[in-house]
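Q: I would like to learn how to read the surface, the core and the charged pairs of a protein model. Could we go through them one at a time, with the general idea before the case?

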Amino acid sequence: MHPGTAEDPLADLVACPSCDAVFRAVEPAHGQRAVCTRCHHVLIAPRKDAGKQIIAIALSVLVLITAAAYFPFLSISTTGLKNSTSILEAALAFTGDGILALLSLALAAVIVFIPALRAGLSIYVMLPLVRDRPPLPHASRAFRLSEALRPWSMAEIFALGCAVALVKVAGLAHVSFGPAFWLFSGLVILVILQDALLCRYSVWKALER
């Protein structure tokens with residue numbers, strides 16, 4: 001990447017989201033990366049067939065979220081008593097208790113609904129592009145919404161929180177993992193992989209054509 005100049009049109013400029021440095025965009029070949037010369041943040045990283053891979057991952061995320069939301073996530077037993085709960089049941093456990101209802105809905109959103117929405121938006125945006133067809137109506141808005149929701153997609157944060165809680169609970173009761181635990185673990189990996197494969201500069205360029 002080369003520092004932008006006043007003569008360059010705005011369409012050829014790209015700003016680093018990390019340090020705000022502005023460069024003239026020179027799109028690299030597939031498998032190569034364009035990085036910020038100031039902070040070394042990756043600006044452009046096109047990958048061959050990345051769009052198809054992202055669509056496949058997004059479909060898998062939707063399937064895993066649907067299954068993980070309803071299958072048992074954990075089972076806890078102690079002194080002859082046993083209880084199992086799903087992710088959605090745990091997140092919505094306090095929906096009838098005043099202000100805690102809002103917190104329950106927010107928790108369900110960040111671990112279930114927002115990741116599912118982002119996966120759906122990715123499919124909506126990417127599907128026409130990988131088929132060399134014009135973008136669907138409002139595809140730019142859909143992609144912008146997906147990016148705006150990215151900091152609020154916290155499936156991996158929930159997984160880390162569960163790990164910490166299990167360490168404390170394990171000494172008090174017997175804890176066993178349900179099918180949803182393994183589904184959710186796979187979901188976390190896929191969400192991280194989807195974001196790693198996505199080259200946002202390439203998507204915006206494709207949407208502008």
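A: Let us begin with the surface: accessible areas come from the Shrake-Rupley method with a 1.4 Å probe, and for residues only the protein chains shown count as cover. The model before you is predicted, and the accessible surface of its chain comes to about 12300 Å², of which 65% belongs to carbon and sulfur atoms.

Q: What share of the residues of the chain counts as buried, and how many helices and strands make up its secondary structure?
A: Of the 209 residues, 38% count as buried, and the secondary structure comprises seven helices and eight strands. Among contacts in the chain with a separation of 6 or more, 58% are between residues 24 or more positions apart.

Q: Which residues have the most contacts inside the largest nonpolar core?
A: In soluble globular proteins, nonpolar side chains tend to be buried together. Here the largest nonpolar core has 45 residues, and those with the most contacts inside it are Val 61, Phe 73, Ile 87, Val 125, Phe 184 and Val 203. At least two residues of this core come from each of α1 (50–70), α2 (87–91), α3, α4 (139–149), α5 (155–169), α6 (179–197) and α7 (200–208), with α3 giving the largest share, eleven residues. A second, separate core has twelve residues, including Cys 19, Ala 21, Ala 25 and Leu 43.

Q: With which residues is Phe 184 in contact, leaving aside its neighbours within four places in sequence?
A: With that exclusion, the contacts of Phe 184 are Ala 68, Phe 73, Ile 87, Ile 111, Ala 155, Phe 158 and Ala 159.

Q: Which residues are linked in a network of salt bridges?
A: Side chains of opposite charge can pair when their charged atoms come close. The structure holds four salt bridges, and Arg 118, Glu 147, Arg 150, Asp 195 and Arg 200 are linked in a network of them. Glu 147 and Arg 118 meet through their side chains at 4.0 Å, N to O; this pair links distant parts of the chain, with Glu 147 in helix α4 and Arg 118 in helix α3, 29 residues apart. Arg 118 also forms a salt bridge with Asp 195, their closest N and O atoms being 3.3 Å apart, and that pair joins helix α3 to helix α6 across 77 residues. The side chains of Arg 150 and Glu 147 meet in a salt bridge at 3.6 Å, N to O.

Q: Is Glu 147 buried or exposed, and is Arg 118 buried or exposed?
A: Because buried means under 20% relative accessible area, Glu 147 counts as buried at 16%, and Arg 118 counts as buried at 5%. Arg 150, at 35% relative accessibility, is partly exposed.

Methods:
Residues numbered from 1 in each chain as written. Predicted model: local features only at pLDDT ≥ 70, side-chain atom pairs only at ≥ 80, totals over all residues. Heavy atoms only, no water. Helix = DSSP H or I, 4+ residues; strand = E, 2+ residues; numbered from the N terminus. Buried < 20%, exposed > 50% of the residue type's maximum accessible area, 1.4 Å probe, protein only. Contact = heavy atoms within 4.5 Å. Core = buried A, V, L, I, M, F, W, Y, C linked by side-chain atoms within 4.5 Å.
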